Amino acid sequence: MIPQISPAEAWAALEADETAWLVDVRTPAEWQFVGIPDLSPLGRQACGIIWQMPDGQINDSFVGQLRDSGITPESRIYFICRSGARSNVAAQTAINAGFSHSFNVSDGFEGPPDAAGHRGLAAGWKASGLPWRQS
């Protein structure tokens, strides 16, 4: 089972450990139009590695791209997506590949939809008041 942490806990962990990584597994369209976590107050940036392509196909190069980014099996990795679903599977894949310090950011960047079907208002990175920006 993948450890689940809140966006605020992920921020605190990233703040406390300068070697930790935030890996955003959403698509480029999501990064561009919805926004991205802004780690510039910590002197770094989130690492964007797509988990699932817009056509629904899983990124077969995902684990290799983790390694190519400089992430090591010893790294603490916090995976985030829109709602916490894709990032949970990505974290499991990372653990299966030997990245044993992998965590899922529950509620993701925007959280679940509210009663009106809108995201980003009640839960997630944005709703938690954590730094983010439009790319």
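Predicted model: local features only at pLDDT ≥ 70, side-chain atom pairs only at ≥ 80, totals over all residues.
**Entry 1: starting at Gln 92**

I opened with Gln 92, which counts as partly exposed at 30% relative accessibility. My cut-offs for that word: buried is under 20% relative accessible area, exposed is over 50%, and partly exposed is in between, with a 1.4 Å probe and protein chains only. Residues are numbered from 1 along each chain as its sequence is written, and side-chain values use heavy atoms, with hydrogens and water left out.

Gln 92 has its place in helix 4. Helices here are DSSP runs of H or I with at least four residues, strands are runs of E with at least two, and the numbering goes from the N terminus. I also checked Gln 92 against Met 53: they are 39 residues apart in sequence and 18 Å apart in space, C-alpha to C-alpha.

**Entry 2: salt bridges**

How many salt bridges are there? I got a count of 2. The rule wants a side-chain nitrogen of Lys or Arg within 4 Å of a carboxyl oxygen of Asp or Glu. The general idea is that side chains of opposite charge can pair when their charged atoms come close.

I looked up Glu 30 and Arg 86, whose side chains meet in a salt bridge at 2.8 Å, N to O. Glu 30 belongs to helix 2 (residues 28–34) and Arg 86 to helix 4 (residues 85–96), so this pair ties together parts that are 56 residues apart in sequence. Glu 30 is buried at 13% relative accessible area, and Arg 86 is buried at 17%.

Then I went to Arg 26, which forms a salt bridge with Asp 24; their closest N and O atoms are 2.7 Å apart. Arg 26 counts as buried at 0% relative accessibility, and Asp 24 counts as buried at 2%.

**Entry 3: rings**

I searched the whole structure for aromatic pairs and found 5. Rings of Phe, Tyr and Trp (its six-membered ring) pair if their centres lie within 6.5 Å; planes under 30 degrees apart are stacked, over 60 edge-to-face, and the rest tilted.

Which way do the rings of Trp 51 and Phe 62 meet? Their centres are 5.1 Å apart and their planes stand at 85°, so I wrote down edge-to-face. Trp 51 sits in the loop between strand 4 and helix 3 (62–68), while Phe 62 is in helix 3, so the pair ties together parts 11 residues apart in sequence. Is Trp 51 buried or exposed? It is buried, with a relative accessible area of 8%. Phe 62 is buried too, at 1%.

Next came Phe 109 and Trp 132, an edge-to-face pair with 6.1 Å centre to centre and 85° between the planes. This one links distant parts of the chain: Phe 109 is in the loop between strand 6 (102–105) and strand 7 (132–133), Trp 132 is in strand 7, and they are 23 residues apart. Phe 109 counts as buried at 0% relative accessibility, whereas Trp 132 is partly exposed at 34%.

I also noted a cluster, with ring pairs linking Trp 51, Phe 62 and Phe 79.

**Entry 4: charges over rings**

My rule: NZ of Lys or CZ of Arg must be within 6 Å of the ring centre and within 35 degrees of the ring normal. Arg 26 turned up again here, lying over the face of Phe 109 at 4.4 Å from the ring centre. Lys 126 has its charged end over the ring of Trp 132, 4.2 Å from the centre.

**Entry 5: the loop between strand 6 and strand 7**

I went back to this loop for Asp 107, which has its place there. Asp 107 is not a glycine, yet I read a positive phi of about 70°. Asp 107 counts as partly exposed at 30% relative accessibility.

Pro 113 lies in the loop between strand 6 and strand 7 as well, and is partly exposed at 44%. How far is Pro 113 from Ser 102? They are 25 Å apart in space, C-alpha to C-alpha, and 11 residues apart in sequence.
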